[in-house]
Amino acid sequence: MNGPWDVWSDCTPACATHAVRRVPATVTARRCAAFAHAVRRALTDGERMADPVRLRRHARALLTALGIRLEGPAAGALRAAADTRTRETRLGTAPAARPPAPGGPGTLVVVNHISWLDIPALLAVEPVTLLAKREVGGWPVVGGLARRAGTHFIDRGNPRELPGTIVELSELLASGRSVAVFPQATTWCTGDRGAFRRATFQAAIDAGAPVRPVTLSYAQHGLPSTAAAFCGEDTFASSLRRVLTARGLTIRVTAHPPLSAPESGHDRRTLAALAGTAVMGGPPRSTRQATERAPAHQGQLCGTSPHLRATAQAPHRV
């Protein structure tokens with residue numbers, strides 16, 4: 001390991017397999033053309049793509065072009081708000097400043113990491129600011145989308161960058177902006193592997209911000225699938241080919257109840273363990289890091305948008 005965020009994963013491209021038979025070549029060709037069109041539209045939007053409504057629509061268009069469906073209460077509630085342009089908080093454009101914004105701090109959204117598709121899936125639900133490794137900025141398609149979304153990139157190989165990154169992240173949260181991070185620090189072929197690194201949770205404590213655990217899971221016609229996994233020495237081209245040929249691929253977005261950092265009195269170790277338990281399931285990752293289980297009920301949205309919270313009702317399918 002070379003830096004504070006470096007994590008070794010034993011997942012390889014061989015882990016990525018289809019759960020059902022592939023789509024015909026004609027369907028693959030149509031998806032490829034639709035995806036290229038969606039990419040061109042997104043990238044030619046320039047700086048306007050930072051607008052939350054436009055960014056969300058572009059992310060959803062990319063998923064639709066690939067034949068991917070978003071599922072889950074968070075995705076379903078979004079459908080009712082998809083055409084709403086009035087937002088009390090313009091995520092991704094608010095100034096980063098202390099003291100906390102009048103509306104309160106943003107939310108630290110912590111998510112398991114499986115695929116490059118995790119990024120458009122999150123942005124399609126709610127365009128939060130992303131914290132990602134520097135390499136993501138160079139990924140085809142997703143890198144451009146992430147940069148225009150205002151993503152903050154970190155150099156995992158530079159230990160000296162860690163304290164400054166935590167301060168910057170704390171300031172973003174204190175300003176009212178919600179930030180999504182991948183605490184596993186690398187991708188895994190399934191959502192129940194790895195462990196949550198605890199450094200970013202200190203930023204939530206410092207900003208007095210709640211922590212929202214979110215689980216992303218992939219399936220094909222209801223069967224768990226690793227076709228979208230982007231692990232090890234896999235290339236974007238190879239992963240994209242698998243996705244283009246995947247039949248019935250869905251991404252389920254499950255937002256768990258928030259963990260209130262300032263009110264709980266938990267330190268970052270405990271918050272990381274509780275969040276990891278909520279996101280990945282199973283017992284706490286360390287008995288020294290957790291003293292309770294995360295709440296079990298699901299179905300809340302990722303971020304803190306008042307309008308989107310108001311539209312969250314019964315689960316829908318998109």
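Which residues in α2 meet which residues in α4? L55, R56, A59, R60 and L63 in α2 meet P120, A121, L123, A124 and V125 in α4, where contact means heavy atoms within 4.5 Å. This is a predicted model, in which local features need pLDDT of at least 70, side-chain atom pairs count only at pLDDT 80 or more, and totals for chains, interfaces and linings use all residues. Residues are numbered from 1 along each chain as its sequence is written, and side-chain values use heavy atoms, with hydrogens and water left out.

**The α2 and α4 pair**
- By class, the contact of α2 with α4 has eight nonpolar, no polar and two charged residues; Ala, Val, Leu, Ile, Met, Phe, Trp, Tyr, Cys and Pro count as nonpolar, Asp, Glu, Lys and Arg as charged, and the others, Gly among them, as polar.
- Helix α2 covers residues 52–65 and helix α4 residues 118–125; they pack at an angle of about 130°, with axes 7 Å apart.
- That makes α2 oblique to α4 (under 35 degrees is roughly parallel, over 145 roughly antiparallel, 65 to 115 roughly perpendicular, and the rest oblique).

**The whole chain**
- The chain has 11 helices and eight strands, taken as DSSP runs (helices H or I, at least four residues; strands E, at least two) numbered from the N terminus.
- Of the 318 residues in the chain, 54% are buried (under 20% relative accessible area; exposed is over 50%, partly exposed in between, with a 1.4 Å probe and protein chains only).

**Residue G194**
- G194 lies in the loop between β5 (179–181) and α7 (199–207).
- G194 counts as partly exposed because its relative accessibility is 24%.
- G194 and G276 are 82 residues apart in sequence, and 9.1 Å apart in space from C-alpha to C-alpha.

How values were computed:
Axes are lines fitted to C-alpha atoms, for helices over the stretch in contact, and angles run from 0 to 180 degrees between N-to-C directions.
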